Amino acid sequence: MKTLVSYPGTGVFAQQIALAFHEAGALEAFETTFGIRSEGPMMRFLQTLPGPIARQVRDNLLRRNLDLVPANKLRLRPCLEILRTMSSQFGCDKRHTDRIWDMMSRDFTRLVARGILKKRPDALYAYEYTASEAFDAAQRTGTARILDLPSLSSRSLQDVLRREEEQFPTCRTNEDRYFIERFPRRQARRDYEVAEANLIVCNSTVTGESHIAQGADPTKIIVVPLAAPPAAEVIHGRLTTAPLRLIWAGTMGIHKGANHFLEACRSMRSNILKIDVYGAVTLPNASLQFLPNWLQFHGSIPRAQLLREFENADALIFPTLSDGFGMVVTEAFSRGLPVITTKRAGASDLVRHLENGLIIEAHNAHAISEAMSWCLDNRIRLLHMRVAAHAISEFD
C-alpha cells in the first residue's frame, strides 16, 4: 500500500508521520511547500558567509528543516509559502499575510489533487484545511482519505478569542472584522473535510472531544498522541540558590493564555525569578506595557537551541487556552523539565499534578501566579520532579 502524505509546513509531527509510512515501505511521497535540508547545498553555502545577518538567516532556515524524510520522497511547492513567510517576517498587515496563506493553502491542495490523479496512491494522509480538493480527487480514484486534525475545533477557538477580547479589549484589532467575515466560509471547508474523511486522526482526547462536540462522527476518530524527541541521556538540574528560571516556548498570543500570563507576571513581587520567552509575540503593544525586567523576550529560535534552553531551566510555563496537543510539553519532558499547563492542552493527559508538573485553571492569572509562587517555595521538590518528567518522555 502506498500513501501520499501532504502538509504545507515542516512540522516535526508531519515529518514523523511520513517517516513512519516510509519505514513501513508505504510512502509514495511527502508533499509540502518550502523547506530545506540542513546539510544541503544552500545551507553549506550560507555556512561560508560571515556576520550576524547570515547567522540569522541560517537560524531561520533551520527552523524549516526537512531532514527526517528522504530527499527522494519530497515534493515541494515553495513560492507562495516563501511569500507568506516574508510578509509575516517583515511585519505586513495581517490581512495581507492571511490572504497569501489562504491562496497558498488552496494552491497546495490543488497540487496534491493533481498528484493523486496522476500517481493514484492507495491512501492520502492530509491535514485540516488543506485536504478538500485533494479529497475530491481521492474519491474519483478510490483513494482512502485520512484527515489529521492537529488542533481543537475552530469554533472552540473562536469562542476562546471572543472571551479573551471581552476581558482584554486592547486585544481587539482593526483586522477582527476581516477574520470574522471569513470564518463561516472557512469553517464550511473544514466541515466538508471532516465529513468526507474515511478516517480522522486526532493527537489527543481533548482534540477528539472538541471535534465530536461539533458534529464529527466518533466512529471515524482515533487518537494517536504525539511523542517526545529522543530523551536526553543526562537530566540536568539547577542550583536551588540560583534565581528560579521559567521558560515560555512558542507564540505569545491570545489563545496561548498570554494576557493572563503577563497579568500574573505584573503581580509577582520577586527578585529571584527569571522568565525567558522564546517565540513570536502576536499581542498588541498595549498588552506589553509595565512588565517586570526579569521577563525577557528573545524571539523564535531553532528547535535544537530551544531544547538546550530547556536543560538549563526549572520549569516550562504553558498556560494555553486552546492547543490540540502542545509539542513543547513533550519536548520539555525529554529534557527532564517539569511543565505548568492547563487542561486545554491535549498534552495535559501526560502531566501528573505535583509529580512531573502542575495543572492549573485556564483563563486565570491568579492560578498562574500561584503556580509560579509554588515553584519559588518548593525548589527542592521541583528539582525532584525532573526525574518523573524525564521518565514519561522515555516511556512515550
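**Pairing and packing in a predicted model**

Student: Which residue of β4 is the bridge partner of V5?

Tutor: For V5, the bridge partner in β4 is Y125. This is a predicted model: local features need pLDDT of at least 70, side-chain atom pairs count only at pLDDT 80 or more, and totals for chains, interfaces and linings use all residues. Residues are numbered from 1 along each chain as its sequence is written, and side-chain values use heavy atoms, with hydrogens and water left out.

Student: How do you know that β1 and β4 pair?

Tutor: Pairing takes at least two DSSP bridges between two strands. Strand β1 (residues 3–6) and strand β4 (residues 123–127) have 3 bridges, in the parallel sense, so they qualify.

Student: What makes β3 and β7 edge strands?

Tutor: The open sheet runs β3-β2-β1-β4-β5-β6-β7, 7 strands with parallel pairing. At the edges, β3 (74–76) and β7 (221–223) each pair on one side only. From one strand to the next, the twist averages 20 degrees.

Student: Why is α10 called oblique to α13?

Tutor: Helix α10 (residues 258–267) packs on helix α13 (residues 365–377) at about 55 degrees, axes 8 Å apart. That angle makes α10 oblique to α13, because oblique is what remains after roughly parallel (under 35 degrees), roughly antiparallel (over 145) and roughly perpendicular (65 to 115).

Student: What residues of α10 and α13 meet?

Tutor: From α10, H260, F261, E263, A264, C265 and S267 meet A365, I368, S369 and M372 of α13, where contact means heavy atoms within 4.5 Å. These divide into 6 nonpolar, 3 polar and 1 charged.

Notes:
Axes fitted to C-alpha atoms, helices over the stretch in contact; angles between N-to-C directions. Helix = DSSP H or I, 4+ residues; strand = E, 2+ residues; numbered from the N terminus. Nonpolar A, V, L, I, M, F, W, Y, C, P; charged D, E, K, R; others polar.
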